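Please look over the structure below.

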Amino acid sequence: MSNPTRCPVIHFDHHSPEHAKDPVGAYRALRQTHKRGWTEAHGGYWVLSDYQSVFDAARDDDLFSSTREAAGTDGLAIVIPPTPMYHHIPIEVDPPEFRKYRKIVNQVTAPAAVERMKEMVERYTVAFVDSVIEKGECDFTTIIGVPAIVTIDWLGLPVKDWKRYADAHRATLAEPQDSEAFRHAVEVELPALSQQMWDTIRARRQEPKDDVISFLVSQKVDDRPITDEEVFAMVDLLVSGGTGTTASLVSQALVWLAKNPDVRQELIDDLSLLDRAVEEFLRVFSPTQALARTVTRDVEFHGCSMKKGDRVLLSWASANRDEEQFENPDTIDIHRWPNRHVAFGIGVHRCAGSHLGRFMAKRLLQEILTRMPDYTIDFDALVPFHDQGTNVGFRSIPAKFTPGKRVLPLSEAVIG
Ligand code: HEM
């Protein structure tokens with residue numbers, strides 16, 4: 001795949017330690033020099049960093065495939081380099097086949113379905129804040145486990161293991177592939193948890209419950225019953241999509257608000273501002289920084305001579321700070337509107353969980369701002385993810401606040 005004749009050739013690796021130090025600066029430099037370019041890293045790939053080319057590529061599934069067949073790999077086709085993970089449906093399926101599956105996923109992620117989840121989100125959000133509120137200090141990464149526990153409970157997987165699922169998926173996407181944490185996640189945790197998923201899928205076929213896996217096993221594809229393999233591929237994607245992304249969004253927002261007390265006070269005084277603030281946090285923090293596609297035929301695309309089989313990185317994060325699309329893109333303006341960010345992607349694969357993600361992020365921020373309004377963060381002790389190439393976020397966010405009272409009785413505070 002490596003081909004130095006491709007122009008322009010750029011020095012870029014979204015998984016490098018230099019990139020992890022300053023992803024925003026790295027993408028800004030790219031946009032200023034080569035909005036689109038070819039890097040030799042990881043066997044070679046095109047990098048699209050401007051809004052227009054990311055937008056055009058994400059909307060052209062004929063030319064830019066999301067499948068493993070096109071990528072010629074066993075690993076997850078929508079990341080570079082391909083990462084060992086189970087096949088994911090519908091994110092690794094192209095239209096028209098894609099539509100049969102997305103139709104099913106939409107039924108459990110549409111606004112009406114999120115409405116039915118509100119009580120669960122509410123209960124876990126209050127319980128997680130309760131679990132630390134009397135101490136006056138905590139690691140915020142504990143509280144932002146709410147999206148992960150909600151996802152695991154909603155799917156119907158054993159709630160006690162919510163953190164194992166979240167940690168294993170985070171390590172697979174945000175630890176260096178030569179690290180012990182990555183190896184443990186891929187070789188030990190993911191196989192053990194997948195066994196649990198298979199067991200749950202088979203159990204729900206026998207005895208359905210009121211959960212997403214029971215709904216999925218009851219579905220049809222092309223008038224035939226959906227297979228266990230198809231259900232597994234959807235459930236594993238929902239775990240992957242649901243556990244880390246919203247947590248990343250909330251954690252980055254909390255760190256930024258600690259540094260910007262005036263804006264924090266503005267939100268505390270009027271929580272309705274959270275609607276637009278969350279859109280702005282999505283734009284500037286882009287929890288999923290970039291995802292990949294594979295070129296399906298030789299083509300000239302925005303001045304680049306792409307060849308069939310070339311891998312292409314679409315940087316949502318960079319598109320979201322493109323100065324041609326957003327005025328003062330590096331200014332975080334919680335009133336910004338309209339805000340046509342692509343943090344949830346764009347095109348047919350646009351995030352199926354966007355309604356749930358937004359709702360959980362707002363509810364968590366609201367709870368923290370209301371019950372810990374004076375929180376401070378020890379910035380020197382912040383531990384960011386080693387790798388900021390695909391998912392950005394923190395492994396540790398030490399925080400202090402004035403202690404408060406629990407809301408729920410201790411007996412109801414089951415958080416696994
Ligand atoms: C702030 C939160 C979130 C962000 C930033 C985010 C980001 C994204 C992005 C960028 C994509 C596009 C993938 C592509 O084009 O290849 C995507 C797809 C997807 N996301 Fe999310 N996501 C979030 C929350 C969630 C949640 C809570 C769930 C489910 C519980 C979820 C489930 C999915 C699924 C199933 C897809 C695949 C859709 C398809 O291929 O049709 N996401 N997400």
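Where is P96 found? P96 sits in the loop between helix 4 and helix 5. Keep in mind that this is a predicted model.

## Overall build

The protein contains 17 helices and 14 strands. Its C-alpha trace spans about 65 × 55 × 40 Å along the principal axes.

The radius of gyration is 21 Å. For 416 residues, a compact globule would have a value near 22 Å, so the two agree.

C351 is a loop residue. Its loop runs between helix 16 (316-319) and helix 17 (354-371). Helix 17 returns below, as a partner of helix 15.

## Cis peptides and a positive phi

The loop between helix 4 and helix 5 holds P96, and the peptide bond from P95 to P96 is cis. Omega there is near 5°. P81 also has its place in the loop between helix 4 (68-71) and helix 5. A cis peptide bond joins I80 to P81, with omega about -10°.

D223 has a positive phi, near 65°, although it is not a glycine. This residue lies in the loop between strand 5 (220-221) and strand 6 (224-225).

## Helix 5 against helix 12

Two packed helices are described by the angle between their axes and the distance between the axes. Helix 5 (residues 97-109) packs on helix 12 (residues 228-243) at about 55°, with the axes 12 Å apart. That angle makes helix 5 oblique to helix 12. The crossing of these two helices is right-handed.

Helix 5 contributes Y101, I104 and V105 to the contact; helix 12 contributes E230, M234 and L238. By class, the contact has five nonpolar residues, no polar ones and one charged.

## Helix 8 against helix 9

Helix 8 (residues 146-155) and helix 9 (residues 162-174) pack at about 115°, and their axes are 9 Å apart. Helix 8 is therefore roughly perpendicular to helix 9. Helix 8 passes helix 9 in a right-handed crossing.

Which residues of helix 8 meet helix 9? They are A148, I149 and I152, and they face W162, Y165 and A166 of helix 9. The class count for this contact is six nonpolar, no polar and no charged residues.

## Helix 15 against helix 17

Helix 15 (residues 274-285) packs with helix 17 at an angle of about 115°. Their axes are 10 Å apart. The two helices are therefore roughly perpendicular to each other. Their crossing is right-handed.

From helix 15, the contact uses L274, D275, V278, E279, F281 and L282. From helix 17, it uses R358, K362, L365 and Q366. How do these residues divide by class, and how many are charged? Four are charged, five are nonpolar and one is polar.

Key. Residues numbered from 1 in each chain as written. Predicted model: local features only at pLDDT ≥ 70, side-chain atom pairs only at ≥ 80, totals over all residues. Heavy atoms only, no water. Axes fitted to C-alpha atoms, helices over the stretch in contact; angles between N-to-C directions. Helix = DSSP H or I, 4+ residues; strand = E, 2+ residues; numbered from the N terminus. Parallel < 35°, antiparallel > 145°, perpendicular 65-115°, else oblique. Left-handed = near helix turned anticlockwise from the far one by under 90°. Contact = heavy atoms within 4.5 Å. Nonpolar A, V, L, I, M, F, W, Y, C, P; charged D, E, K, R; others polar. Rg over C-alpha atoms; globule rule 2.2 N^0.38 Å.
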